[in-house]
Amino acid sequence: MARVTGIGGIFLRARDPKTLSAWYAKHLGITLSDYGGATFLWTDEIPATTGSTTWSLFSESSKHFGPGNERGPQQAMINYRVDNLDELLTQLAAENIPIDPKRESADFGHFAWITDPEGNRIELWQPLADK
């Protein structure tokens, strides 16, 4: 049987795509290629063998996506892998990016949440290094 083998892309609606793209480039280092998107290759796994993408469903009453905004509850959230969560959060705080004070740690990494200029809650994840 044919099946899905992974996440091929993530696509967001934006009121102002050009401005929002510039925000993601400046604050999260996601720069667009000539085709208009960013490609993340798993050749930069840190630590090695941790490359993966999770797909998950949440209850419609879940608070994981934050409170939503004037348009209603957020329907999707992107989780970005980061190489140094504490350092990135320090940078983002210095740039007055809204940061949720909540933090979580699990057997597979550390998590924090920020909000982009259009009100989208973003999850940041630093995988744990092999012991």
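H64 is buried, with a relative accessible area of 19%, where buried means under 20%, exposed over 50% and partly exposed in between (1.4 Å probe, protein chains only). H64 lies in the loop between α1 and β1; helices (H or I, at least four residues) and strands (E, at least two) are DSSP runs numbered from the N terminus. This is a predicted model, in which local features need pLDDT of at least 70 and side-chain atom pairs count only at pLDDT 80 or more, while totals for chains, interfaces and linings use all residues. Residues are numbered from 1 along each chain as its sequence is written, and side-chain values use heavy atoms, with hydrogens and water left out.

**H64 and M77**

- Not counting residues up to four places away in sequence, H64 touches F58, M77, W113, R121 and E123, a contact being heavy atoms within 4.5 Å.
- M77 lies in the loop between α1 and β1.
- H64 and M77 are 13 residues apart in sequence, and their C-alpha atoms are 9.0 Å apart in space.
- Residues up to four places away in sequence aside, M77 touches H64, F65, W113, R121, I122 and E123.

**Nonpolar cores**

- A nonpolar core is a set of buried Ala, Val, Leu, Ile, Met, Phe, Trp, Tyr and Cys residues joined through side-chain atoms within 4.5 Å.
- The largest nonpolar core has 17 residues, of which Y24, L28, Y80, I114, I122 and L124 touch the most other members.
- At least two residues of this core come from each of α1 (17-28), β1 (78-81), α2 (85-94), β3 (109-115) and β4 (121-127).
- Another core, of five residues, lies apart from the largest one and includes M77, F111, W113 and W125.
- I114 touches W23, L28, L89, L92, I97, P98, I99, N120, R121, I122 and L124, with residues up to four places away in sequence not counted.

**D116, a buried charge**

- D116 is located in the loop between β3 and β4.
- Although buried, D116 has no salt bridge, and the nearest side chain of opposite charge, that of R15, is 7.0 Å away.
- The side chains of D116 and Y24 are joined by a polar contact of 2.7 Å. Such a contact is a pair of N or O atoms within 3.5 Å; within protein, one must be able to donate a hydrogen and the other to accept it, and residues adjacent in sequence count only if both atoms are side-chain atoms.
- A polar contact of 2.9 Å also links the side chain of D116 to that of N120.
- With neighbours within four places in sequence left aside, D116 is in contact with L20, W23, Y24 and I122.

**Salt bridges**

- The whole structure holds three salt bridges, each defined by a side-chain nitrogen of Lys or Arg within 4 Å of a carboxyl oxygen of Asp or Glu.
- R121 forms a salt bridge with D100, with the closest N and O atoms 2.9 Å apart. This pair links distant parts of the chain, 21 residues apart: R121 is in strand β4, and D100 is in the loop between α2 and β2 (104-106).
- R121 counts as buried at 11% relative accessibility, whereas D100 is partly exposed, with a relative accessible area of 22%.
- K102 and E104 meet through their side chains in a salt bridge (3.0 Å, N to O). K102 is partly exposed at 41% relative accessibility, and E104 is partly exposed at 33%.
- A salt bridge also joins the side chains of R71 and E70 (4.0 Å, N to O); R71 and E70 are both exposed.

**Aromatic pairs**

- Rings of Phe, Tyr and Trp (its six-membered ring) pair if their centres lie within 6.5 Å; planes under 30 degrees apart count as stacked, over 60 as edge-to-face and the rest as tilted.
- The count comes to five aromatic pairs by this rule.
- The pair of F108 and F111 is edge-to-face, because the ring centres are 5.8 Å apart and the planes lie at 80°.
- F111 and W125 form a stacked pair, 6.4 Å centre to centre with 10° between the planes. This pair links distant parts of the chain, with F111 in strand β3 and W125 in strand β4, 14 residues apart.
- F111 is buried, with a relative accessible area of 10%, and W125 is buried at 12%.
- W23, Y24 and Y80 are linked into a cluster by ring pairs.

Terms used. Lys and Arg count as positive and Asp and Glu as negative; His and the chain ends are not counted.
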